[in-house]
Amino acid sequence: MSDAVRDAEISAEQRYLSRVYARLEQLRHSAAEAERAGYGIAAVGTFGAYVERDAMVFHAAKRRRALDAEHEGLVFGRLDLGPEASTGIDASNVEPAVPGGEVRYIGRLGLRDERYETLVVDWRAPAAAPFYRATPTDRMGVVRRRTIRSSDERVLDISDDLLDPDSSPLGMPIVGDGALLATLARATGRGMRDIVATIQREQDEAIRSPASGVTVVHGGPGTGKTAVALHRAAYLLYADRNRFESGGVLVVGPSEVFVSYVSRVLPSLGEDAVTLRSLGQLVVGQHATRNDPSDLAAIKGSLRMPKILRQAARDAAPNTPHRLRLLYRGQLLALDRSALEAARKTLLSSGAKRNAVRPKAAGLLLDALWRQSVELLPGTRRQQREDFASDIAERREFVGFMHQWWPLVRPIEALGWLSDPRRLERYAAGILSPAEIRALAKSFATIETAGPTVADIALLDELGELLGERPKRRKPKRDPFHVADGVREVTTYADRIAAARAVAVERPEDYRDYAHIVVDEAQDVSPMQWRMVSRRGPHASWTVVGDPAQSAWPDAAEATRAMNSALGSRRRYDHALTTNYRNSAEIFELAARVIRRAEPTIALPTAVRSGGIPPSCRQVEPGALRQAAIEAAAGLLDEVEGTVGVIVAMAEADRVAAWLDGLAPDRLQVVGSLHAKGMEYDGVIVIEPNHIRDEGPSGVRTLYVALSRATQRLITIGTDESWLS
């Protein structure tokens, strides 16, 4: 789909959106006028006039608030239906894209124009159901489904799904991934149509998999795994809104680049039940984008780490005092190292969490000191335990000692303790090798200044679990209908139900009870990350999407065990996507050749679309690499009308980005190899493929991913062609 067609379609949707917002402004003005008129009724001075005023003002104000609240993202979808689905509620003055059919715009609020003809269908109305529920094998009359992304009153982007290629008129514009299916469906020959039917059937079965249990979707590059995951989230929210809206849906992706990409194509659902997070964003207060080298990430992600972190969470903090001495009524009361260690072990027995038992720590020491006072002082000078504790607990020296001996520990502080090689060696003896201990300690030494890496986030979450939550003051819930002391706003039953529903979806920042969790690019989730994700939904159902052939995790068996532990005994539904409709056959042949050379028996999807242009593999001298990259990027931007991705080894991303700085920033993106997961571009340039291959034990799989990101053109530029042989 050319940029010109996309721009024309966006302009058409902008015209309609402008009309909707103009009508919205009229209705807001009318509601405000009605509210003012209501106050004027009271001038009559009768009891009935006051009642009429209150009713009129209440309903006018309620309507005005609703119109104000739904201003942002008001229209987010469009349905083009065939003649058999026409109901007569067409969008006013919009020519149907399908002759004899119907157009429906879906939004957060239902609106009609001055002649009472439909402008926008409320997303909760039955007429909007096909936007969420229609699939290629159960179309519900939908020929084309369009998602509209807007900000304020401006259309930013659109994306189409072609659900019924046979009913689409010749020349119907299809923007986004749906354009590829349209091309395949309209190709000559029965085979192509059969392939489209296969794609649609595979994806539809996965989308409509049972809501309970675990839906596992496997598929290679270009098979539509991410699209299936997102459509499944939308389907579940519509099919059982009470369950999934109140509990929420969490979508987890591998990187911030991926999450940003997905956020642009995820249908706007008209509510806040879907939460998008990368693996580096799951811990509140942390936002990690740095990646460790693959060998270091493998250590941090392995199931050896919980044993080490458990010891850190139970150990004394650095610079902890080892003796407590207090003068009491002429006698010296003292607790030595052994007594303090015994107290520590007592406090942390039976799996107690350090921060959670801090209030008990002071009490335990006061008990020990009181027993000493009983032994040392004559009966006439002894105090009762309560009086003794009250006296000692308020002393400055005791308060200062408690702050040092049993401080409230943040997870990032505890992780920073591991930068001490001697401390880490004590925790990791028999678990990690000396070389691994040195590498970890060096990495943790920069965590306070540079911030955590993506792999560190799972360690912080583990420590948060081991240390226990710090005490938090809860804010009292505000009555939404409170006006003043003793006065509440007049409400209807519907108002109170809506308010209760709003409270139900109001979640704490560190929410841990999602109803459904979607994990994309699951093959790269480390064992420690599986533990982290599973804590966000102990009772959740799951959708797990991935491709084993793309896995960068060195110990696949350990990762599988961790995933199975996270998913538990829930019933599983497996779905395989076998058709690559995104890459041309010529491009995917090169990617398949690279991965099959390393793993000959691996299952790969079938690419069915011929682009007619094979990949261009270029070799240059080291000194010519920069200029070759600039020339290739400029040339590819001229050849394709969409996006261009430049994929390089992680360590080289910043350097190459500087080479191409200012070159069509709205269309060109430089990404490290790991951040290319889940992405797609019209044209791709892979720079120094052998460097990507050599990044780690799974470098060949990472290179396979990089080579399979392009839909139209692929260029490789390197100083060494060994990756081809």
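Me: What should I know about the model before we start?

Reply: This is a predicted model: local features need pLDDT of at least 70, side-chain atom pairs count only at pLDDT 80 or more, and totals for chains, interfaces and linings use all residues. Residues are numbered from 1 along each chain as its sequence is written, and side-chain values use heavy atoms, with hydrogens and water left out.

Me: At what angle do H23 and H27 cross?

Reply: Roughly 175°, with the axes of H23 (residues 585-598) and H27 (residues 699-707) coming within 9 Å. That makes H23 roughly antiparallel to H27 (over 145 degrees; under 35 is roughly parallel, 65 to 115 roughly perpendicular, the rest oblique). Axes are lines fitted to C-alpha atoms, for helices over the stretch in contact, and angles run from 0 to 180 degrees between N-to-C directions. Helices are DSSP runs of H or I, at least four residues, numbered from the N terminus.

Me: Which residues in H23 and H27 meet?

Reply: From H23, Ile587, Phe588, Leu590, Ala591, Ala592, Val594, Ile595 and Ala598. From H27, Val700, Arg701, Leu703, Tyr704 and Leu707. Contact means heavy atoms within 4.5 Å. By class, the H23 contact with H27 has twelve nonpolar residues, no polar and one charged. Ala, Val, Leu, Ile, Met, Phe, Trp, Tyr, Cys and Pro count as nonpolar, Asp, Glu, Lys and Arg as charged, and the others, Gly among them, as polar.

Me: New pair. How do H21 and H22 run, parallel or antiparallel?

Reply: H21 is roughly parallel to H22. The axes of H21 (residues 527-534) and H22 (residues 556-567) cross at roughly 10° and come within 8 Å. Pro527, Trp530 and Ser534 of H21 touch Glu558, Ala559, Ala562, Met563 and Ala566 of H22. That contact has six nonpolar, one polar and one charged residues.

Me: Now H19. How many of its residues are buried?

Reply: Twelve of the 14 residues in H19 are buried, meaning under 20% relative accessible area with a 1.4 Å probe, protein chains only. Among them are Asp456, Asp461 and Glu462.

Me: What covers the buried residues of H19?

Reply: The cover includes H9 (294-301), H10, H15 (411-417), H17 (434-444), H18 (447-450) and H21.

Me: And what comes just after H19?

Reply: Gly468, which takes a positive phi of about 90°.

Definitions and conventions:
Helix = DSSP H or I, 4+ residues; strand = E, 2+ residues; numbered from the N terminus. Buried < 20%, exposed > 50% of the residue type's maximum accessible area, 1.4 Å probe, protein only.
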